[in-house]
Amino acid sequence: MIAIDPSMNEERDNYKLLIGSIIPRPIAFVTTVSKDGIVNGAPFSFFNIVSSQPPMISLAIQRKSGIQKDTARNILETKEFVVHIVDEENVEMVNETAANLPSSQSEIEAAKFTVIPSTKVSVPGVKEAKIRMECRLEHSLQLGENDSPAADFIIGKVVQFHIADHIYEAGRINQKGLGAVSRLAGNDYTKIGDTFELKRPK
Ligand SMILES: Cc1cc2nc3c(=O)[nH]c(=O)nc-3n(C[C@H](O)[C@H](O)[C@H](O)COP(=O)(O)O)c2cc1C
């Protein structure tokens, strides 16, 4: 075994160890709106469930040299966002939105997504996702040192689900129909491969 003390590592070294180890990671495509009304979209794989009642999800949005990403800034300002599940059909469009566009430009327009109004929040979603979740900010946490923050940790409460008819089966999501895509390290992604069942012991 190789023993590595993360405090001796550069940020990129720790990043590589984490994103190569914690796999596969689900991907949220997150839409937000800026103070100037520009609809922003970006993917995030530091994404997970936090609670089922009330339904809550988390996003960890890294800072670049202490500077907040547009998504984090917009969520903290408007307290609203929409999470879309990335799948085999939308992953290429989603990837386009990860480009570093200035805040004044909409990645949604650049990637040619179709904007769709939300029902409970003022931030719109996009049509090109089989599942979207309208969220309100529940908690936020600035992580890292005060003089050089490392990340914004966001917890959102899901206030509305939208699920495509053909993948909704008696309260469950049809996993094959969804075709979710996950992130590995670097530019690698994975589809859901072989699955198997394991009964929990009583
Ligand atoms: C598949 C994928 C997953 C990503 N996951 C994250 C993540 O979890 N956290 C993060 O800070 N950036 C992540 N990024 C990078 C952001 O999407 C990227 O910095 C984006 O430009 C941020 O947009 P914004 O400034 O409009 O918020 C990811 C990029 C890709 C392509």
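# Close-up views of the model

**View A. Pro24 is placed in the loop between helix H1 (11-21) and strand E1 (25-26).** The model shown here and in the other views is predicted. The peptide bond that leads from Ile23 to Pro24 is cis, and its omega is near -15°. Most peptide bonds are trans.

**View B. A cis peptide bond joins Gln53 to Pro54.** Omega of this bond is near 0°. Pro54 belongs to the loop between strand E4 (47-52) and E5.

**View C. Lys79 has a positive phi.** The value is near 65°, in a residue other than glycine. Most residues other than glycine have a negative phi. Lys79 is located in the loop that lies between H2 and strand E6 (80-85).

View D. Two or more residues of the shell around the ligand come from each of strand E3 (39-44), strand E5 (55-62) and helix H2 (70-78). E3 contributes the most to this shell, namely four residues. In total, 19 residues surround the ligand, and the closest are Pro43, Ser45, Phe46, Gln62 and Thr71. By residue class, the shell comprises nine nonpolar, six polar and four charged residues.

View E. On its own the ligand has 640 Å² of accessible area, of which the protein covers 89%.

**View F. One aromatic pair is found in a search of the whole structure.** A pair of aromatic rings is described by the distance of the centres and the angle of the planes. The ring centres of Phe29 and Phe113 are 4.9 Å apart and the ring planes stand at 25°, so the pair counts as stacked, the limit for this class being planes under 30 degrees apart. Phe29 is part of strand E2 (residues 28-33), whereas Phe113 is in the loop between helix H4 (107-110) and strand E7 (115-116); the pair therefore ties together parts that are 84 residues apart in sequence.

Key:
Residues are numbered from 1 along each chain as its sequence is written. This is a predicted model: local features need pLDDT of at least 70, side-chain atom pairs count only at pLDDT 80 or more; totals for chains, interfaces and linings use all residues. Side-chain values use heavy atoms; hydrogens and water are left out. A residue is near a molecule or strand if one of its heavy atoms lies within 4 Å of it. Accessible areas come from the Shrake-Rupley method with a 1.4 Å probe; for residues, only the protein chains shown count as cover. Ala, Val, Leu, Ile, Met, Phe, Trp, Tyr, Cys and Pro count as nonpolar, Asp, Glu, Lys and Arg as charged, and the others, Gly among them, as polar. Rings of Phe, Tyr and Trp (its six-membered ring) pair if their centres lie within 6.5 Å; planes under 30 degrees apart count as stacked, over 60 as edge-to-face and the rest as tilted.
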